[in-house]
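Thanks, everyone. Have the structure open while I talk.

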Amino acid sequence: MSEYTKQEVKFYAQNREDRILSKMFPSVKGTCLDIGANDGVYLSNTYYFEQSREWRCILVEPNSELCEKIRNTRHATSFECAASEKSGEGILYIGSGKNDVYSSLDPLAIERYDKPKPIVILTRT
């Protein structure tokens with residue numbers, strides 16, 4: 001057995017997006033953008049690239065509680081706002097319970113989740 005062992009690579013994205021993208025973009029350095037970044041780690045499409053590839057990451061997350069977690073766990077540039085067609089304020093509807101990872105500025109997109117919580121957030125174009 002070789003003294004060198006292959007280090008296990010950890011991926012985080014919900015549907016293996018980070019694994020797929022790592023094969024499409026095999027370079028060591030790059031930049032990525034994550035809109036709706038949640039806490040920056042759980043189900044993250046970009047955390048692998050920051051941790052394993054030393055990529056520069058830009059995270060956009062309108063929920064202030066989640067943005068605070070991003071600031072505490074990531075080296076990424078973060079923006080506490082929602083990407084929208086207009087800048088200003090908006091209402092973000094957040095799913096509740098096990099669906100709290102889902103959110104939208106469109107109340108119809110989130111209505112299928114039990115008791116979505118509305119919060120006022122900043123929006124930017």
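Start with strand E2, which is mostly covered: of its five residues, four are buried. Keep in mind that this is a predicted model. E2 spans residues 56-60.

Who are its neighbours? On one hand there is strand E1, residues 31-35, paired with E2 in the parallel sense over five bridges. In that pairing, Asp34 stands opposite Leu59 of E2. E2 also pairs with E3, again in the parallel sense, over three bridges. Here Val60 has Phe79 in E3 as its bridge partner.

Now the connections. E1, H2 and E2 form a β-α-β unit, and that unit is right-handed. From E2 the chain goes through H3 and on to E3, in a β-α-β crossover that is right-handed.

Next, the core. Which residues make up the largest nonpolar core? There are nine: Cys32, Ala37, Tyr48, Phe49, Trp55, Cys57, Leu59, Ile70 and Ala76. Helix H2, residues 47-53, and strand E2 each supply at least two of the residues in this core. A separate core also exists, with five residues, including Ala82, Leu92, Ile119 and Ile121.

Look at Leu59 for a moment. Beyond its sequence neighbours up to four places away, Leu59 touches Asp34, Ala37, Gly40, Thr46, Ile70, Arg74, Ala76, Thr77, Ser78 and Phe79.

Where is Arg74 found? It is in the loop between helix H3, residues 64-73, and strand E3, residues 77-79. Is Arg74 buried or exposed? Its relative accessible area is 6%, and the cut-off for buried is under 20%, so Arg74 counts as buried.

What does the Arg74 side chain reach? The backbone oxygen of Gly40, at 2.4 Å. There is also a side-chain to side-chain polar contact between Arg74 and Glu50, at 3.0 Å. Leaving out residues up to four places away in sequence, Arg74 touches Gly40, Ser44, Thr46, Tyr47, Glu50, Cys57 and Leu59.

Four strands form an open sheet in the order E4-E7-E5-E6, with mixed pairing. Strand E4, residues 82-83, and strand E6, residues 103-104, are the edges, and each pairs on one side only. E5, residues 88-94, pairs with E6 in the antiparallel sense over two bridges. Ile94 stands opposite Ser103 in E6.

That's my tour. Over to you.

Notes: Residues are numbered from 1 along each chain as its sequence is written. This is a predicted model: local features need pLDDT of at least 70, side-chain atom pairs count only at pLDDT 80 or more; totals for chains, interfaces and linings use all residues. Side-chain values use heavy atoms; hydrogens and water are left out. Buried means under 20% relative accessible area, exposed over 50%, partly exposed in between (1.4 Å probe, protein chains only). A polar contact is a pair of N or O atoms within 3.5 Å; within protein, one must be able to donate a hydrogen and the other to accept it, and residues adjacent in sequence count only if both atoms are side-chain atoms. Contact means heavy atoms within 4.5 Å. Two strands pair if DSSP finds at least two bridges between them. A nonpolar core is a set of buried Ala, Val, Leu, Ile, Met, Phe, Trp, Tyr and Cys residues joined through side-chain atoms within 4.5 Å. A crossover is right-handed if, with the strands pointing away from the viewer, the path from the first strand over the helix to the second runs clockwise.
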